[in-house]
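Here is a short report for a reader new to this structure. Look over the sequence and the model first, then read on.

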Amino acid sequence: MTTRARTRTAAVVALTAAAALIPTAALGAASHGGPTVKIIDNAFVRERQRPVVRIHTGTTVTWRWTSRQSHSVLVRSGPERFSSPIRNHGTFAHRFARAGTYRIVCSLHAPGMRMTVRVLG
Ligand SMILES: [Cu+2]
């Protein structure tokens, strides 16, 4: 094996090892396999701010705080009501058992800090 081939092989092995680690880390962040919504100052984010998350009944959504300020997850209207503690770290998960449209806000930053969860039966 030439030096260049050996270097390339080592690089491929390193990339493969890195790729193998990514799914494990992603699963750890998104508990229960459902979507994760990031909480920043001052917005809910999943690909964009004020996201509309579409799921089926029985799916768990996890909110992950990456903010400096404190925020919460509060259902303003929807088939079920729930709320998280007000905090600035950690995660909060909710399993959506009932279909419908959930309007969700941060209790401290409503109405600007908001998102929607649409649960299909
Ligand atoms: Cu907030």
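## Terms and basis

Two strands pair if DSSP finds at least two bridges between them. Strands are DSSP runs (E, at least two residues), numbered from the N terminus.

This is a predicted model: local features need pLDDT of at least 70, side-chain atom pairs count only at pLDDT 80 or more, and totals for chains, interfaces and linings use all residues. Residues are numbered from 1 along each chain as its sequence is written, and side-chain values use heavy atoms, with hydrogens and water left out.

## The open sheet

Five strands make an open sheet. Their order is S3-S2-S1-S5-S7, with mixed pairing. Strand S3 (48-49) and strand S7 (91-95) are the edges, each pairing on one side only.

S1 and strand S2 (residues 43-46) run antiparallel and are joined by three bridges. Lys38 has Val45 in S2 as its bridge partner.

## Pairing with S9

S9 pairs with S4 in the parallel sense, over five bridges. Here Val53 stands opposite Val117. S9 also runs antiparallel to S8, with six bridges joining them. Ile104 faces Met115 across this pair, standing opposite that residue in S9.

## The nonpolar core

A nonpolar core is a set of buried Ala, Val, Leu, Ile, Met, Phe, Trp, Tyr and Cys residues joined through side-chain atoms within 4.5 Å. Buried means under 20% relative accessible area, exposed over 50%, and partly exposed in between (1.4 Å probe, protein chains only).

The largest nonpolar core has 20 residues. Phe44, Trp63, Val73, Phe96, Ile104 and Val117 touch the most other members. Strands S1 (36-40), S4 (52-56), S5 (60-65), S8 (100-105) and S9 (114-120) each supply at least two residues of this core.

Contact means heavy atoms within 4.5 Å. Not counting residues up to four places away in sequence, Val117 touches Val53, Ile55, Phe96, Gly100, Thr101, Tyr102 and Ile104.

## The copper site

Donors are N, O and S atoms within 2.8 Å of the metal (3.2 Å for Na, K and Ca); water is not among the atoms, so sites may look incomplete. The copper ion has His71 (ND1), Cys106 (SG) and His109 (ND1) as protein donors, at 1.9 to 2.2 Å. Their spacing along the chain is H-x34-C-x2-H.

Cys106 is buried, because its relative accessibility is 0%. His109 has a relative accessible area of 22%, so it counts as partly exposed.

## Ser67

Ser67 sits in the loop between S5 and strand S6 (74-77). Its relative accessible area is 10%, so Ser67 is buried. Leaving aside neighbours within four places in sequence, Ser67 is in contact with Ile39, Ile40, Asp41 and Asn88.

How values were computed
Helices (H or I, at least four residues) and strands (E, at least two) are DSSP runs, numbered from the N terminus.
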